[in-house]
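Here is a short briefing to read alongside the model.

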Amino acid sequence: HLRDVTLRRGPVPLVEHASVSVFRGEKVGVVGRNGCGKSTLLALLRGELGADAGEVELPAGLAIAWVAQEVPHSVQAVVDYVIGGDVELAGLQQRIDAARARGDGLGEAALLAEYEHAGGYTARSRAAGLLDGLGFDPRDIDRPLMEFSGGLRMRASLARALMRRSDVLLLDEPTNHLDLDAVLWLERWLCAYPGTLLLVSHDREFLDAVVDKVLQFENQRLTAWNGNYSAFETQRAAARAQGAAVLARQRREAARVQGFVDRFRAKASKARQVQSRIKWLERLPRILEQHEESGFDWAFETPRKLPRPLLTLDGVAAGYGERRVFERVRLTIQPEARLGVLGRNGAGKSTLIKLIAGQLAPLAGERLAAADLETGFFAQLELEQLDTESTALLELRRRGGPDLPLWPEQRCRDHLGRFGFSGERVFEPVARFSGGERARLSLAILVARRPNLLLLDEPTNHLDFEMRESLLLALQEFPGAVVIVSHDRALLRGVCDDFVIVGGGAVTPFDGDLEDYARWLTRPIEVAPRIDTAAIGPRDTPAPARERGVDARGRAAARRAGLAPQRDPHRQTEQRLAELAGQRSALEQRMADSTSTVTSRSRSSDRSSSGMPP
């Protein structure tokens, strides 16, 4: 329960006089613009800071889990790091070790039984399942944590939080380091989670699937709404319309009464009526006017030229060193193409984007680019390319393309203003910007370059709802070609006309939609055959199978059945069962030895007390 709570960041109020309650088992989405106080609210619930005013009431003994932002640079195996999230099992293991050290066989046996009841012998398989769902290769779970990239270490930290037996789970933008496959898996996991969830996210489809209540930060207020995100948007729109109507009616009534007061204030015969109306005005309920937060209004600059085709990959193989990620790829990108790239984590989606961008040379085949190709590449690490000592205005001038020297300063400032950098903010150091602000600046720079081929690798990370909506609308109107890797289904649905799937050493067309892809992910599948892809472009390319009278859904199902990770789930399960059987036999033998030792000691003691030789 929050009762009349005020939170501040320095002198700036994030929320004032907030009173809301969250009940056991609710799944709550926390929404609002970047910097409004969402993460501060979670820190308040974790006990890391206190309210500036008001009262926060939490039941005693709540087990609260959250994702640690600092992941240790450790030689510990990633699976062991995740198992460590189960603090109850870790405590039991310490007690077992202590009993073993002091030779307390009976105590150890009792603790081992408790350990088994608590699921200790299945802890590794549970941790491995979490890591698999979040995109780790099963062959890598025993690798040291320090060997993984920052993004994968954050996934491991998320798995560790999910491993804990918690009453309350606090998640702050958990999908930022995930691809679509992992997002779909996490969505299913959270729907089945029995505890209370507070989820900060800007992914509307993820929120729609998971939450049943929304806490909204807006204009320093915190408001609770029942239902998922779509229900919240509907209710908020209705409330705003109703509030505007009531406010207009109240203003009309107040103006009429004020007119009476002004006309008859000087008349003694009307003094009592005037005073009565003045008191009525003073007691008039104060209705807050709804202030719409300013949105983003921008579009991509018109490309200088639109050659046809923009790019062709002819029998291309790509990889790193001697390792080939995929090969025999045939892909033609025409202007106005809208292509979404799907595939499991590590299958090669980013490799394909880098190949198209020209940042990765083919190992075989040809990459044929048009002479007038202008590529705009928004990579996952694009934010790290910004000079933190520079300003938004200087970064735009330095990296915004060949036209920028011709732009007067006012045009540069107007351009940045459409991305939320207004007034003196254009002169602030980039080091002061949040992740969302850096993402907006990177997009502003990309737009100024006037590309005719946009390559977007997870472009919505760190962007709030308004900026995501603005990006979607801008991409719909962009006259050039777009290739997207994203876990944001709303963006993929709103922009992409075609999909390819990367996996099994191939890049193949995917004839289904995102629902078909979600179903495909849950099926056991085999290694994909290497099939050349068709040209991707506007509707002057060959008609889709369904338009040619072919059963596209059946053909898509056949193709999906052929795409797979390279592992046999049945053989893996059998091997795991054999390992567990061996562990159980060893433990039973240890327990038998402990019991035998205790019995032997007891008999020796009895003989000593009766005078018999031991």
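One aromatic cluster is made up of Trp 225, Tyr 229, Phe 232 and Phe 465. Please keep in mind that this is a predicted model.

**Aromatic pairs**
- The count of aromatic pairs comes to nine.
- In one of them, the ring centres of Tyr 229 and Phe 232 are 5.3 Å apart and the planes meet at 55°, so this pair is tilted.
- Tyr 229 and Phe 232 sit three residues apart in helix H9 (residues 229-264), which means about one helical turn separates them.
- Tyr 229 is buried at a relative accessible area of 4%, and Phe 232 is buried at 1%.
- Phe 421 and Phe 433 form a tilted pair, with 5.2 Å from centre to centre and 35° between the planes.
- Both Phe 421 and Phe 433 lie in the loop between helix H13 (409-417) and helix H14 (435-448), so their pairing ties together parts 12 residues apart in sequence.
- Phe 421 and Phe 433 are buried.

**Charges over rings**
- Arg 440 lies over the face of Phe 421, 5.2 Å from the ring centre.
- Arg 143 lies over the face of Phe 148, at 4.4 Å from the ring centre.

**A buried glycine**
- Gly 29 belongs to strand E3 (residues 27-31) and is buried, with a relative accessible area of 0%.
- Beyond its neighbours within four places in sequence, Gly 29 has contacts that include Leu 199, Leu 207 and Val 211.

**Confidence**
- The chain has a mean pLDDT of 81, and 81% of its residues reach 70 or more.
- Residues 524-571 have pLDDT below 50, and this stretch makes 91 contacts in the model beyond near neighbours in sequence.

Key: Residues numbered from 1 in each chain as written. Predicted model: local features only at pLDDT ≥ 70, side-chain atom pairs only at ≥ 80, totals over all residues. Heavy atoms only, no water. Helix = DSSP H or I, 4+ residues; strand = E, 2+ residues; numbered from the N terminus. Buried < 20%, exposed > 50% of the residue type's maximum accessible area, 1.4 Å probe, protein only. Contact = heavy atoms within 4.5 Å. pLDDT = per-residue confidence, 0-100. Phe/Tyr/Trp six-rings, centres within 6.5 Å; stacked < 30°, edge-to-face > 60°. Lys NZ or Arg CZ within 6 Å of the ring centre and 35° of its normal.
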